[in-house]
Amino acid sequence: MASQPPPLPLDYRREGDPPPKEPYWGKFALGVLAGLVFSGTYYFAAAARGANLGALPLMGAVIIKLGAGAALCTSPKWRPFGIGLIASVAVALLIFVAACFGIFAIAVSNSK
Amino acid sequence: MQFPHYFHLFGWRVHPHIVLELIGYSGGFQIYLHLRRRDVWPRAAVPFEQNLWLIVGCVFGALFGAKALAFVESINLYRDALGDPRSWLGGKTIVGGLLGGWVGVEIVKRIFRIRNSTGDLFVFPLIFGIAVGRIGCFLTGLPDHTYGVHSNLPWAVDFGDGPRHPTQLYEILFLIDWGIVLAVVFRRLKPSNGVLFRLLLLGYLLFRFFVEFIKPRYNPYLGLSAIQLACALGAGVCLVQLIGKGRNKDHGQPTAAAAA
């Protein structure tokens, strides 16, 4: 016999009552932020050491974040954080790497 | 004013694109959360976890679309640098990002069998994010390749090689105006689910199609650039879908999952 989906939660609100509070988005946002900080640190550290950015080092942060995100998705408690880590791969690539025209340049320099 | 116009933060010289894009993404996300909490578009909201995956689909689709269209748009320049992997990393277009993000969301919706339109919640976050991002494009100047052709108009901006149309500023002004129009449409006409998102795309893509004529471009496709072709295609899809929604009024019955 096919398993039944769980019953919908009962809504005891009266007319005019505010909608129920949403699950906390903070874990997802933290995951995205953590991913961005990790990417920024990884690539700026690599550039500062003058690392030859071949294919594997270039993809290092991406592979680590995708792996960690997928692992965290197996835990219901940490799934939003893991999804945020996965999303941060694309967000980081869009912000840090993909300049509007094909300029691969390190954008931060110490002006002191 | 010198271009690129760097920001100086805590002793570091930071590229304007990074700063403004971070503000655009985070501010747009906050606007999205605010609209969700206020239940402004209840029929566009889906369960929390599915919503997270929609965002993942959106950003990955946007990444792929932005880069693919940027490559095709300037293929005459990228062709000579195909051997350098760094050339594959750079380049992006908002038109490609919007269309790619839309496709990414539709793919995730197919996977989760979400049938209701979800785009209306993204309308004002997108307007904010694109407008703020364009400030970064303007402050970057010539290296960004988002400027217009040379012009003698009084408001032309000299990015370093003579006065040009500040097409980035035109776009910001258009987005503010179109955002006001869409807000009025939403309040007065109460359009059905999905109409507002398609109106945003239709207006923006038509604007981009025409503004491209005053930008330096590679236009080998019947006198049009790859971005213009993408704009025409995307606007056509939006128009067809809007006409379809007009004929079959979407009553937006919420799914059982959406009520959870």
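Q: In which hand does H5(B) pass H9(B), left or right?
A: Let's start with who touches whom. From H5(B), Val95(B), Leu99(B) and Trp102(B) meet a set of H9(B) residues, including Ile227(B), Ala230(B) and Gln241(B). As for the hand, the crossing of H5(B) past H9(B) is left-handed.

Q: Is Gly162(B) buried or exposed?
A: First, find Gly162(B) in the loop between strand E3 (157-158) and strand E4 (163-164) of chain B. Leaving aside neighbours within four places in sequence, Gly162(B) is in contact with His150(B) and Val157(B). Its relative accessible area is 17%, and buried means under 20%, so Gly162(B) is buried.

Q: How far apart in space are Gly162(B) and Ile111(B), C-alpha to C-alpha?
A: Along the chain, Gly162(B) and Ile111(B) are 51 residues apart. In space, going from C-alpha to C-alpha, the separation is 51 Å.

Q: Is His145(B) buried, partly exposed or exposed?
A: His145(B) is in the loop between helix H6 (123-140) and E3 of chain B. It has a positive phi of about 55 degrees, although it is not a glycine. With a relative accessible area of 40%, it falls between the 20% and 50% cut-offs, so His145(B) is partly exposed.

Q: What about Lys190(B): buried or exposed?
A: Lys190(B) is not a glycine either, yet it has a positive phi of about 45 degrees. You'll find it in the loop between helix H7 (167-189) and helix H8 (195-211) of chain B. Its relative accessibility is 58%, and the cut-off is over 50%, so Lys190(B) is exposed.

Q: In what order do the elements of chain A run from the N terminus on?
A: Over to chain A, then. Chain A has three helices and one strand. Reading from the N terminus, the order is α-α-α-β.

Q: Which element of chain A has the lowest mean pLDDT?
A: Chain A as a whole averages a pLDDT of 73, and 56% of its residues score at least 70. Helix H3 (residues 79-97) of chain A has the highest mean among the elements, at 88. At the other end, with a mean of 35, is strand E1 (residues 108-110) of chain A.

Q: Over which residues of chain A does pLDDT stay under 50?
A: The model has 37 contacts beyond four places in sequence for this stretch. Where pLDDT is low, though, the predicted coordinates should not be read in detail. The stretch to treat that way is residues 101-112 of chain A.

Q: What share of the residues in chain A is buried?
A: The accessible surface of chain A comes to about 7000 Å², with 68% of that belonging to carbon and sulfur atoms. Out of the 112 residues in chain A, the buried share is 34%.

Notes
Residues numbered from 1 in each chain as written. Chains lettered and ligands numbered in written order. Predicted model: local features only at pLDDT ≥ 70, side-chain atom pairs only at ≥ 80, totals over all residues. Heavy atoms only, no water. pLDDT = per-residue confidence, 0-100. Helix = DSSP H or I, 4+ residues; strand = E, 2+ residues; numbered from the N terminus. Contact = heavy atoms within 4.5 Å. Buried < 20%, exposed > 50% of the residue type's maximum accessible area, 1.4 Å probe, protein only. Areas by Shrake-Rupley, 256 points an atom, 1.4 Å probe, with all protein chains shown as cover. Left-handed = near helix turned anticlockwise from the far one by under 90°.
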